[in-house]
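Follow the nonpolar cores and the charged pairs through this protein.

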Amino acid sequence: DSEKEEGMFGTLVIVLPSQFTGGELVVKHKGETQTFKQEGLSSFGSQYAAFYADCKHELKRVTSGHRLCVVFNLVKCGLGMLPKAADNSSLIKRLNAAASEWAANYDGNKIVLMTDHLYTPAGIKNGSGSAKYKGSDAYVVELLQSAISKGADIDYDHGTLSLSESGCGECDGYGYWGRGDYIWGETTERDLSLYLSSYGNVSVEEEEEVVPADFFEDLEPENESFEPTGNAGIEAERQYADTEAIVVWPRSKRWVTVTNNDTSRMCSYLLKACSKGTSDSEPIDECVQKAKSLIPRAIGSNKTDLSSLARSIVMIGDKSLAMEFLSSYLKNSDRSIDAIFDHIQTFLELCGTEAITSLIVESINTARFVADPTGTANFVLKYLKNSGKKVAISQQQKDSVIAAFAGSTRPPEKNVSRPLKTSLDKFPLGAILALFVDEKPGNGDGSLARCVLEGYVWISCLEVPRNYSYYSSSTKPSDGPVLLESASRSIIHLCNCFGWAKHKGVLVDAVEKLCDRGKSDNALAFLESLAPKDEEESDRSDICSKLAEVAFDKILASLQAPAPTDAIKSARLGVCKKLVVGIGKGRFCLSQAIKFVEVAKSLDVDSVLFPLVSDPTLRSNACDSVIHSLDLLTRYCAQVIKTRLSSVDLGDVAVWSLSSASASRSKNSTYSRFLRCPCKQELDWQVRKSDHNGFIADLKPLIHSGDVRVASYQPAGRGPYHFKITKLKSRRVPSSSLVGLTCSCSSGSSYYRHSSYRQTTTPKTCLLSKHKAVASKYQEDMKKMNVITKFLPSPPAAAAAVAPAAVSVAAQQQQPAARHLQQFNVLYTTPKLGLKLKLVGGKDMIQVKEITPAAPNAHLIKAGDFVVGLNGKRFEELGVKVTGEKGYEQAITKVKEAKRPVSLMLERQITTNRVEDTTCKRPAETFATLSASSPATTFASLSAASAGGKTWAAGVDAQIQHPIAKKAKTADVIDLT
């Protein structure tokens with residue numbers, strides 16, 4: 001502008017609020033042009049523009065409205081040179097040269113230029129260019145922008161620095177910690193972070209990058225905190241207020257600098273750089289170079305980074321770059337091939353179907369299948385079904401992909417020991433097998449399909465990962481091929497198409513694998529899904545029969561293994577129920593019912609058999625085979641419980657509590673409790689010698705009556721004296737009276753805590769608890785027998801028909817007394833039995849001749865009883881024939897050498913008044929009760945009618961051994977016992 005008065009060096013134009021369009025102010029100076037557009041904000045605000053007098057300016061035409069402005073001349077008063085526009089051209093040239101040299105030798109260090117002014121986040125975010133800075137900071141930014149506009153290899157962004165320190169504090173007060181003031185002592189750790197407003201967090205080196213280097217030395221912390229920790233001293237922390245900086249780096253090195261060498265940020269940066277028409281866009285050749293350097297890094301990164309790089313390569317559109325990326329990625333068998341499927345259509349368009357298919361075929365191998373079986377299978381399915389939407393692939397190419405996948409599923413020659421990295425829960429087995437029916441690749445003989453099925457069975461049995469813990473390994477056994485049932489429809493189509501006989505081996509192997517891993521329910525469900533509805537399908541029926549045989553053999557073998565814990569026993573109950581249900585559902589399992597019954601008899605009665613046969617849900621709507629199997633097991637269970645009941649004698653039991661204990665003159669708690677205790681026979685404790693005479697005087701009535709024996713002695717012939725009381729007489733009480741008795745066994749020596757005496761002998765077992773346990777077990781077995789009688793099959797028709805006649809005969813004709821043998825068992829834990837035996841020559845039986853007074857279980861055995869066996873088996877079953885002296889000696893040797901505890905089987909001759917029953921030999925009153933009673937009350941009502949229920953139990957035994965009785969003449973005797 002021309003000088004209008006002396007000292008004028010510029011012009012100031014203030015635009016007042018007015019509405020107009022156009023009227024741009026254009027200022028030119030030494031080849032640079034700046035245009036000021038003022039129409040946008042002029043309606044409600046004022047704007048200004050100032051330029052030096054030596055600048056040329058131009059005012060564009062106002063196209064509408066009115067532009068209202070006030071123009072001032074800027075005049076310098078006083079002496080001195082007039083201000084004029086700076087000539088930065090030489091400075092920019094120097095800056096451009098320095099930037100080029102910096103970029104060529106860039107070592108990763110940025111320039112972090114600290115600002116002279118403070119700025120708010122809002123001001124930085126909403127401002128643009130140098131307008132958001134003040135004073136010298138604005139001048140620096142204007143210079144950088146000018147250099148960038150001239151092509152300088154330089155870039156910048158606004159940065160915020162945060163500084164925090166930690167260290168040790170000191171106390172300048174007195175006394176204990178917490179009193180006085182704390183001051184900063186020593187800095188042990190210093191943390192400086194840099195946040196770029198456009199790119200996020202990046203690393204920063206304070207000594208190498210911050211300008212000036214001593215900027216933080218004079219800063220005062222914003223806050224400090226001190227924490228006394230006793231002997232460890234005072235922990236101190238302090239934070240400084242955030243400071244602002246202008247961060248500068250070479251533009252050609254921007255992606256390395258702002259991404260902080262992070263692969264994810266590099267991939268995101270490249271995606272922006274490949275976008276055309278944006279401020280972040282970069283030349284194609286630079287994007288290609290960045291993509292090539294990123295390929296090896298992104299292949300080992302996550303799926304998001306991989307997808308970003310794939311999109312960038314597609315946007316670049318370079319075929320060789322795309323092939324390099326796909327080839328590098330597909331060669332890495334540890335990476336999921338399914339991760340790049342979203343971009344495979346674009347790659348097919350860019351590179352062609354033949355080139356892409358060849359790469360895919362080469363990449364599908366056993367290593368990739370083992371690393372990611374589900375992802376590999378899903379990729380094959382998607383590629384074959386979706387690739388033809390935009391770019392069609394030929395049938396030959398499809399066949400090559402299917403054949404490559406089938407080959408990858410073949411188990412390697414060397415066993416793979418490493419576990420699977422992913423789960424097989426979502427493996428598309430059915431869809432994969434359907435490919436071989438729909439496409440029929442290869443020679444059409446089904447060999448590829450069998451290969452895939454064998455591969456799935458193999459890989460499903462590899463170990464799978466689990467959450468690592470200190471006490472367990474990082475892998476666990478897999479569940480096996482549990483997806484076979486869900487894919488049964490495809491397997492049926494496959495076998496119908498290529499033949500059932502060809503797939504027999506792999507199906508049998510799959511069922512074996514399931515059973516070996518405890519998945520018997522999956523095996524039976526798979527078998528049921530394969531069962532044909534039409535019996536004319538002989539090949540399919542043969543396969544199902546074979547699978548049923550294999551499954552039951554495996555499951556039954558697992559049931560026969562030892563079961564050391566209750567948890568395993570209860571689990572076997574669940575397996576048995578599944579087998580019963582399997583027998584009822586599938587007709588191919590019916591033939592396995594006999595095997596199941598035989599194996600089930602070896603299982604525990606209380607935890608498995610009784611809950612099994614007493615479950616009414618198993619019998620509801622069940623087939624005849626299931627009912628028959630459960631009936632056989634019910635009879636067996638009843639027989640076992642009957643045997644246990646018959647071995648229990650709940651008559652009188654021997655106890656050691658003295659009825660004459662009140663005759664003792666002392667109330668000394670040490671032995672007064674002992675005299676009344678039913679379990680203890682002997683009491684021995686250390687006591688002063690001077691007290692012994694007093695004890696003897698107290699116990700004198702019991703000593704004279706022969707109830708107790710006392711002794712005063714030194715155990716080793718020297719040392720402290722002991723006093724011992726021994727009970728000499730036991731008494732027999734009814735089993736029902738045990739409920740009212742108490743003993744001191746469970747309380748230990750607590751009864752003697754107020755005494756200075758020390759008990760030295762205590763009984764190892766509590767007889768009272770033992771008797772109560774036997775009675776409790778007997779009651780439990782009684783309840784179980786009552787439950788089982790509900791499920792026992794009806795008595796034979798012949799016996800039921802004869803029963804009324806037998807009752808009428810009983811009312812009319814009373815027979816003389818008859819002799820019968822009653823069998824019972826006695827348990828011994830001692831080496832000697834205390835019995836004198838003899839051989840009865842005429843009967844070839846061993847008879848008890850005499851019982852010694854100190855013999856264990858003397859109250860259970862009588863002279864004249866016969867010893868007939870050991871541990872529930874007769875001597876004949878043990879291979880010993882009691883005939884002559886030689887057989888007698890062999891039987892005695894068996895008894896002596898038997899491992900304790902041993903159960904001695906005896907028989908006792910008893911006499912009863914009987915009615916001669918032509919159907920079975922048992923008391924008429926018992927038979928009448930059995931006929932008239934309901935199944936639920938049979939056992940309870942017969943317990944009193946017969947000797948301990950044994951006569952009725954013989955009748956149950958008759959039903960078990962002979963479920964079907966032949967019809968006989970009235971004169972014949974049918975001995976069912």
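Buried means under 20% relative accessible area, exposed means over 50%, and partly exposed lies in between (1.4 Å probe, protein chains only). This is a predicted model, in which local features need pLDDT of at least 70, side-chain atom pairs count only at pLDDT 80 or more, and totals for chains, interfaces and linings use all residues. Residues are numbered from 1 along each chain as its sequence is written, and side-chain values use heavy atoms, with hydrogens and water left out.

Take the charged pairs. A salt bridge here is a side-chain nitrogen of Lys or Arg within 4 Å of a carboxyl oxygen of Asp or Glu. Side chains of opposite charge can pair when their charged atoms come close. The structure holds 27 salt bridges.

Arg238 and Glu224 form one of them, at 3.4 Å from N to O. This pair links distant parts of the chain: Arg238 sits in strand E15 (residues 234–239) and Glu224 in strand E14 (residues 223–228), 14 residues apart. Helices (H or I, at least four residues) and strands (E, at least two) are DSSP runs, numbered from the N terminus. Arg238 counts as buried, at 13% relative accessibility. Glu224 is partly exposed, at 37%. Elsewhere, salt bridges with shared partners join Asp155, Arg251, Arg254, Glu282, Glu286 and Lys290 into one network.

Arg190 and Glu206 also meet in a salt bridge, at 2.9 Å from N to O. Arg190 belongs to strand E11 (residues 182–196) and Glu206 to helix H4 (residues 206–209), so the pair ties together parts 16 residues apart in sequence. Arg190 is partly exposed, at 36% relative accessibility.

Now the nonpolar interior. A nonpolar core is a set of buried Ala, Val, Leu, Ile, Met, Phe, Trp, Tyr and Cys residues joined through side-chain atoms within 4.5 Å. The largest core has 147 residues, of which Tyr383, Leu507 and Phe596 touch the most other members. Helix H20 (residues 538–560) gives the most to this core, with 10 residues. A second, separate core of 22 residues includes Tyr828, Ile861, Leu870 and Leu904.

Finish at Thr409. This residue lies in the loop between helix H14 (395–408) and helix H15 (429–438). Thr409 counts as buried because its relative accessibility is 1%.
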